[in-house]
Amino acid sequence: MREAAEGIRQRFGFGGEVQKPVPLKEVTLRRARLKPPDGLGDLFSGDHYERVSHGLGKAYRDVVRGFRGEFENPPDLVAFPRHESEIETVLSWAEAEGAAVIPFGGGTSVVGGVEARLGERPVVTMDLRRLDRVLEVDAESLAARIQAGATGPRLEEQLREHGLTLRHFPQSFEYATLGGWIATRAGGHFATLLTHIDDLVESVRAITPRGNWESRRLPGSGAGPSPDRMLLGSEGILGAISEAWVRVRPRPQFKASAGVEFDDFIAAAAAVREISQSGLFPSNCRLLDASEAELTGAGDGRSDLLILGFESSHQPVDDWMEIALEIAEEHGGAPTPPPTGLKRPNSGRLRPDDSEGEDAVGAWRGAFLLAPYLRDTFVACGVLSETFETAITWDRLEEFHATVMETTRAAVAEVTGAPRDGAGAPRVSCRFTHVYPDGAAPYFTVLAPAVRGGEVEQWDEIKAAVSEALIEGGGTITHHHAVGRDHRPWYDRQRPAPFAAALRAAKAELDPAGILNPGVLIDPA
């Protein structure tokens with residue numbers, strides 16, 4: 001940790017001495033307002049570790065508070081159902097006790113989605129990770145029925161036995177669950193075409209306080225509003241997702257990747273737009289500005305970098321890559337180094353791209369996979385780190401990008417008191433995580449000196465300023481991180497008022513006591 005802190009100071013010009021987190025045994029929690037019911041075995045736990053580890057998500061403000069031993073809203077009990085009947089038991093018992101229930105997958109929410117900010121109301125966190133099996137594989141239709149508590153590695157391990165993969169790799173892959181991905185409309189591996197878990201869901205089953213919800217398994221249907229779409233992004237307020245049929249695919253056999261450097265970010269964005277509208281649908285099409293490329297070790301800070309990747313289970317992809325590179329070059333891009341093609345079966349633990357290499361693409365890939373694990377290190381070293389993601393149509397991108405970058409720089413400088421330029425200045429960078437024929441998903445990263453003891457207040461001010469810029473500029477408050485409690489003020493402004501009323505009515509029908517994750521998406525009646 002000390003070596004990491006020194007490296008951070010040398011690279012960024014800020015970051016202080018390493019501080020140690022508060023040990024678990026010294027964490028003080030409020031007294032539990034519920035006791036595990038008799039006769040239900042180990043379904044419920046009031047263990048100190050379980051209450052602490054289910055008390056916060058993984059946002060920067062969560063990690064800071066956990067580091068300080070500040071768990072203001074721990075659950076009173078944690079439930080660990082092993083099958084659907086036990087989910088029903090938890091919901092029924094909690095409703096009788098007047099307690100709220102927060103469905104919990106991997107606990108990787110970065111928007112306050114799993115923290116029980118419910119005042120005096122008792123809370124049960126329902127951890128679904130015991131429901132972690134691939135129950136059925138339809139090799140003919142290329143689909144699999146998987147329990148909602150299966151983590152990324154767990155479900156991929158089981159699908160590998162059939163030569164298949166879900167191929168959904170968010171950065172939270174190691175810990176996040178299928179149910180969590182569905183409940184939050186998570187973005188995954190593919191930068192184009194199949195960008196969200198939405199695109200991979202065939203049908204969903206959920207347990208509600210008023211009965212089970214299961215859609216018919218179909219490749220498509222025009223029979224009214226989709227019951228699956230209603231559960232996608234529902235964030236646990238309508239029911240606890242227990243399993244889903246999802247579309248799977250043979251593991252890719254052919255891959256190619258390349259990096260393309262640009263001298264101008266907007267010119268690079270024009271290349272990305274043309275590629276996204278070409279029908280090529282690369283699996284990876286991520287544009288990093290010069291600062292982001294330098295931050296990840298994929299560049300020297302002088303050029304913007306486009307990361308391109310293609311993959312296929314059935315045929316070589318070199319021709320697709322060649323066309324994409326020609327488009328990039330027409331917009332001023334320079335491929336560097338030469339693209340690498342792979343024609344071999346994948347082996348070992350499948351990750352977003354398991355090709356080898358120490359080029360810019362390999363450097364970016366390593367940094368991308370490592371990023372979520374650096375949060376604790378940054379907190380210990382006194383570095384504020386945060387990300388903001390959104391989406392905007394191509395016609396508004398240039399002005400939107402400039403406004404959000406300027407707003408973020410100004411907010412960070414004002415809150416931290418650091419210089420806006422030169423040595424020790426905060427770092428604000430941007431990349432595209434996903435692209436569509438009609439727009440892109442810009443993802444902004446902030447690294448700045450933290451005010452020890454005031455990190456949460458710093459974060460709150462920066463978050464508010466940037467969120468205002470996103471909404472005022474016509475973007476979405478979240479592209480793939482969900483709404484939770486942190487995005488509620490801006491989500492309330494983004495959604496149509498009649499839709500909010502309809503959602504409240506649906507919740508009242510399914511959850512009349514308002515026990516399921518109250519305060520997320522809507523306030524219960």
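Student: What should I know before reading the values?

Tutor: The model is predicted, so local features need pLDDT of at least 70, side-chain atom pairs count only at pLDDT 80 or more, and totals for chains, interfaces and linings use all residues. Residues are numbered from 1 along each chain as its sequence is written, and side-chain values use heavy atoms, with hydrogens and water left out.

Student: What counts as a salt bridge, and how many salt bridges are there?

Tutor: A side-chain nitrogen of Lys or Arg must lie within 4 Å of a carboxyl oxygen of Asp or Glu. By this rule the count is 33. One of them joins the side chains of arginine 68 and glutamate 455, at 2.4 Å from N to O.

Student: Where do arginine 68 and glutamate 455 sit?

Tutor: In distant parts of the chain, 387 residues apart. Arginine 68 is in the loop between α3 (60-67) and β2 (77-79), whereas glutamate 455 belongs to helix α14. Helices (H or I, at least four residues) and strands (E, at least two) are DSSP runs, numbered from the N terminus.

Student: How is burial read, and is glutamate 455 buried or exposed?

Tutor: Buried means under 20% relative accessible area, exposed means over 50%, and partly exposed lies in between (1.4 Å probe, protein chains only). Glutamate 455 has 3% relative accessibility, so it counts as buried. Arginine 68, at 21%, is partly exposed.

Student: Which strands does the salt bridge of glutamate 243 and arginine 145 tie together?

Tutor: The two side chains meet at 2.9 Å, N to O. Glutamate 243 lies in strand β10 (residues 240-247) and arginine 145 in strand β6 (residues 143-147), so the pair ties together parts 98 residues apart in sequence. Glutamate 243 is buried at 10%; arginine 145 is partly exposed at 21%.

Student: What about aspartate 300 and arginine 302?

Tutor: Their side chains form a salt bridge at 2.5 Å, N to O. Aspartate 300 is partly exposed, with a relative accessible area of 43%. Arginine 302 is exposed, at 69%.

Student: Which residues are linked in a network of salt bridges?

Tutor: Asp62, Arg65, Glu72, Glu115, Arg117 and Asp486.

Student: How do I describe two packed helices?

Tutor: Give the angle between their axes and the distance between the axes. Axes are lines fitted to C-alpha atoms, for helices over the stretch in contact, and angles run from 0 to 180 degrees between N-to-C directions. Here helix α13 (residues 397-416) packs on helix α14 (residues 455-472) at about 160 degrees, with the axes 9 Å apart. That makes α13 roughly antiparallel to α14 (under 35 degrees is roughly parallel, over 145 roughly antiparallel, 65 to 115 roughly perpendicular, the rest oblique).

Student: Which residues form the nonpolar patch on the surface?

Tutor: Patches take residues with over 30% relative accessible area and no salt bridge; like charges are joined within 9 Å, and nonpolar side chains (Val, Leu, Ile, Met, Phe, Trp, Tyr) within 5 Å. Accessible areas come from the Shrake-Rupley method with a 1.4 Å probe; for residues, only the protein chains shown count as cover. Here Tyr175, Leu370, Tyr373 and Leu374 form the patch, with about 360 Å² of accessible area together. Tyrosine 373 lies in the loop between α11 (360-370) and α12 (375-381) and is partly exposed at 37%.

Student: Is tryptophan 490 buried or exposed?

Tutor: Tryptophan 490 is buried, at 10%. Its place is helix α15 (residues 488-494).
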